[in-house]
Amino acid sequence: MTVMSLAKYKQKRKFDKTPEPVGGKSKAKFSIFVVQKHDASRLHYDFRLEAGGVLKSWAVPKGPSMKTEDKRLAMMVEDHPYDYKDFEGMIPKGNYGAGTVMVWDFGNYLAPGAKSKIESEKMVKAGLRKGEIKLVLNGKKLRGGFVLVHTKGQADNAWLLIKEKDEFVSKADATKQDKSAKTKRSLGQIAKAEDKIWHSNRKK
Ligand code: MN
């Protein structure tokens with residue numbers, strides 16, 4: 001399996017100044033996904049999908065939707081390390097992406113029809129090249145079929161995240177569920193939690 005590069009991710013960050021993870025390796029049986037709500041200079045959601053040992057990542061300004069008619073712009077950004085899936089806390093002022101990060105949703109996924117993690121990730125990588133990635137998400141908030149479609153004519157990194165028709169479709173605004181899927185905390189509570197403020201004596 002090709003190991004995708006985290007060079008861009010590392011270039012943008014100073015790991016003696018931010019608590020964000022540097023690497024990590026999957027030991028799980030299933031490929032994972034995570035959606036992080038990120039209160040940075042502009043509030044957005046980061047949709048991340050494990051493939052080839054890293055997290056393929058998209059910034060979704062409006063967040064995911066459970067309505068099939070919503071086509072949510074998803075700007076592809078640099079790959080993130082696997083351990084980023086657990087990152088919830090504060091990126092200190094002056095650092096890239098400074099602000100509060102919440103694990104808004106997490107779970108595992110399969111490409112429809114895939115029988116294994118390897119097969120599933122192969123299909124995702126083929127989808128990345130083709131410009132259409134089909135997924136079945138098994139999260140706390142997001143469930144069922146989704147598709148990421150590369151848009152033509154816009155910026156090169158512009159995709160759309162769309163819910164596919166199935167029994168999980170819902171008219172309710174998914175982003176109204178605004179607590180951490182991991183710790184049940186609000187963005188405000190995460191920001192206030194002094195225990196999550198990072199100290200510079202972290203082991204490398
Ligand atoms: Mn972000």
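**A walk through the model**

Visitor: Which side chain does D86 pair with in a polar contact?
Guide: That of K85. The two side chains are joined by a polar contact of 2.9 Å. Keep in mind that this is a predicted model.

Visitor: OK. Where does D86 sit?
Guide: D86 is in the loop between β4 (71-81) and β5 (89-91).

Visitor: And how accessible is D86?
Guide: Its relative accessibility is 40%. Buried needs under 20% and exposed needs over 50%, so D86 counts as partly exposed.

Visitor: What does D86 touch, apart from residues up to four places away in sequence?
Guide: V103 and K182. V103 is 17 residues from D86 along the chain, and their C-alpha atoms are 7.1 Å apart.

Visitor: Let's switch to the metal. What coordinates the manganese ion?
Guide: H38 through ND1, H44 through NE2 and D46 through OD. The distances are 2.2 to 2.3 Å.

Visitor: What spacing do those donors follow along the chain?
Guide: They follow H-x5-H-x1-D.

Visitor: Tell me more about H44. Which strand is it in?
Guide: H44 is in strand β2. Its side chain also makes a polar contact of 3.1 Å with the side chain of D46.

Visitor: Is H44 buried or exposed?
Guide: Buried. Its relative accessibility is 14%, and the cut-off is under 20%, so it counts as buried. D46 is buried too.

Visitor: What is H44 in contact with, leaving aside neighbours within four places?
Guide: Q36, K37, H38, A59, V60 and P61. H38 in that list is also one of the manganese donors.

Visitor: Q36 is in there. Where is that one?
Guide: Q36 lies in strand β1, residues 31-39. With a relative accessible area of 0%, Q36 is buried.

Visitor: It's a polar residue. What does its side chain reach?
Guide: Two partners to mention. The side chain of R48 makes a polar contact with that of Q36 at 2.7 Å. The backbone oxygen of F87 is reached by the Q36 side chain at 3.0 Å.

Visitor: What else is in contact with Q36?
Guide: Leaving aside neighbours within four places, its contacts include H44, Y45, D46, Y84 and K85. Also among them are V101, M102, V103 and W104.

Visitor: New topic. How many residues are in the largest nonpolar core?
Guide: 27. Those with the most contacts inside it are F47, L49, W58, I133, L135 and L148. Strand β2, residues 43-51, gives the most to this core, with four residues.

Visitor: Is there a second core, or is that it?
Guide: A second, separate core has 11 residues, including Y9, F15, I32 and F87. In soluble globular proteins, nonpolar side chains tend to be buried together.

Visitor: What does F47 touch?
Guide: Beyond neighbours within four places, its contacts include F33, V34, V35, W58, L135 and L148. K56 is also among them.

Visitor: Which side chain does K56 make a polar contact with?
Guide: That of D79, at 2.8 Å.

Visitor: Now helices. How far does α2 reach?
Guide: α2 runs over residues 117-130, with 14 residues. From its first C-alpha to its last, it reaches 20 Å. That is close to the 20 Å expected at 1.5 Å a residue.

Visitor: Which residues of α2 are buried?
Guide: K117, S120, E121, V124, K125, G127 and L128. Seen down the axis, the buried residues of α2 fall within an arc of 155°, so they line one face of the helix.

Visitor: And the other side?
Guide: There, I118, K122, R129 and K130 are exposed.

Visitor: What follows α2?
Guide: G131, with a positive phi near 90°.

Visitor: Which residue has a positive phi although it is not a glycine?
Guide: K184, with a phi of about 65°. K184 sits in the loop between β9 (158-163) and α3 (187-192). Its relative accessible area is 67%, which means K184 is exposed, as that is over 50%.

Notes:
Residues numbered from 1 in each chain as written. Predicted model: local features only at pLDDT ≥ 70, side-chain atom pairs only at ≥ 80, totals over all residues. Heavy atoms only, no water. Donors = N, O, S within 2.8 Å, 3.2 Å for Na, K, Ca; no water. Buried < 20%, exposed > 50% of the residue type's maximum accessible area, 1.4 Å probe, protein only. Polar contact = N/O pair within 3.5 Å; in protein donor to acceptor, adjacent residues only side chain to side chain. Core = buried A, V, L, I, M, F, W, Y, C linked by side-chain atoms within 4.5 Å. Helix = DSSP H or I, 4+ residues; strand = E, 2+ residues; numbered from the N terminus. Contact = heavy atoms within 4.5 Å. Expected span 1.5 Å × (residues − 1). Arc of directions from axis to C-beta.
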